Amino acid sequence: MVRYIIPGFYEHTETNLRLIELIRDRPEMFREGTAIHACYGNFQFCIFDGGRIFSRYSPASKEQVNAISYDFNNLGVPIRMVFTNNQLKETDYYDRFANMLLEECENGFNEITIADENLEKYIRERYPQYNFISSTTKCLTSPELLKQELSNENYYMVCLDYNLNRNMKLLQSLTEEEKNKCEFLINAICPPGCPHRKEHYRLNSLFS
């Protein structure tokens, strides 16, 4: 089975919901074993986001947040909020809008992709019911660091640095348990081997 994590639970809500329903109702239209595991993204103007803010959207209301979470969850799909801003200050953790999102979406089913250890600690202490995914924006290109991350029981999944996607020697060396915990990024903004990738993520966070 191939489990996809698709983007845009906020800006492409209806399109994604219809796609999930189509896979459910008309599986013969898709390659056998195709499934949507989660829908990722963020509610616009959340300070924990790591970039890609679209100014044409308005901040979501509490009612919109609940409706979006419910609609995806009702189809068996968690929403996954991507919190990869690596330029946060401790005072930013208390942002009212971001904490409203965390409070409203905490149901033991929804997920968070995280990069900052201090933000992760803050969220875990106050909103412990989330499933956490280690972000590819950590840029863990070392096999040793990847193995260490995969062994961390605090993470439900680990999104590999995209430079490891074709490292067959490494991938074949993983145990079945480790393989089942791996996610692959297939829409990276940088070309393979980009020496400035960390700086790109820093700038995305700085100007988001």
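Is Ile123 buried or exposed, and what is its relative accessible area? In this predicted model, local features need pLDDT of at least 70 and side-chain atom pairs count only at pLDDT 80 or more, whereas totals for chains, interfaces and linings use all residues. Residues are numbered from 1 along each chain as its sequence is written, and side-chain values use heavy atoms, with hydrogens and water left out.

Ile123 is buried, with a relative accessible area of 0%; the term buried stands for under 20% relative accessible area, exposed for over 50%, and partly exposed for what lies in between, with a 1.4 Å probe and protein chains only. Ile123 belongs to helix H4. Helices (H or I, at least four residues) and strands (E, at least two) are DSSP runs, numbered from the N terminus. When neighbours within four places in sequence are left aside, the contacts of Ile123 are Phe83, Leu102, Ile112, Ile114, Pro128 and Phe132, where contact means heavy atoms within 4.5 Å. The C-alpha atom of Ile123 is separated by 29 Å from that of Cys190, which is 67 residues away along the chain.

Helix H3 is likewise mostly covered, with seven of its 10 residues buried. These buried residues are Phe97, Ala98, Asn99, Met100, Leu101, Leu102 and Cys105. They pack against helix H2 (62-74), S3, strand S4 (111-114) and H4.

Aromatic rings provide a further set of links. A pair of aromatic rings is described by the distance of the centres and the angle of the planes. Rings of Phe, Tyr and Trp (its six-membered ring) pair if their centres lie within 6.5 Å; planes under 30 degrees apart count as stacked, over 60 as edge-to-face and the rest as tilted. Five aromatic pairs are found in the structure. The pair of Tyr93 and Tyr122 is tilted, because the ring centres are 5.7 Å apart and the planes stand at 40°. Tyr93 lies in the loop between strand S3 (79-83) and helix H3 (96-105), and Tyr122 in helix H4 (residues 117-126), so the pair ties together parts that are 29 residues apart in sequence. Tyr93 is buried at a relative accessible area of 7%, and Tyr122 is also buried, at 6% relative accessibility. Elsewhere, ring pairs join Phe9, Tyr10 and Phe43 into a cluster.

Empty space was examined next. Rolling a probe the size of a water molecule over the atoms shows where empty space is left. On a 1 Å grid over the protein atoms alone, a cavity is a set of points where a 1.4 Å probe fits but cannot get out, and a pocket is an open set with protein on both sides within 12 Å along at least five of seven lines; lining residues have an atom within 4 Å of a point. Grid points are joined across faces, edges and corners, and a volume is the space filled by probe spheres set on the points.

The largest pocket has a volume of about 1,200 Å³. Its lining comprises 44 residues, of which Ile5, Tyr40, Cys159, Leu185 and Asn187 lie nearest the centre. Strand S1 gives the most to this lining, with six residues. By class, the lining of the largest pocket holds 19 nonpolar, 17 polar and eight charged residues; Ala, Val, Leu, Ile, Met, Phe, Trp, Tyr, Cys and Pro count as nonpolar, Asp, Glu, Lys and Arg as charged, and the others, Gly among them, as polar.

The second largest pocket has a volume of about 180 Å³. The residues that line this second pocket are Asn86, Ala115, Asp116, Thr137, Lys138, Cys139, Lys198 and Tyr201. One cavity of 30 Å³ or more is counted, and the largest cavity holds about 40 Å³ of space. Its lining divides into five nonpolar, three polar and one charged residue.

Backbone angles complete the description. Most residues other than glycine have a negative phi, and most peptide bonds are trans. Cys139 has a positive phi, near 55°, and lies in the loop between strand S5 (131-134) and helix H5 (143-150). Cys139 is buried, at 13% relative accessibility. Phe45 also has a positive phi, near 75°, and is partly exposed at 37% relative accessibility.
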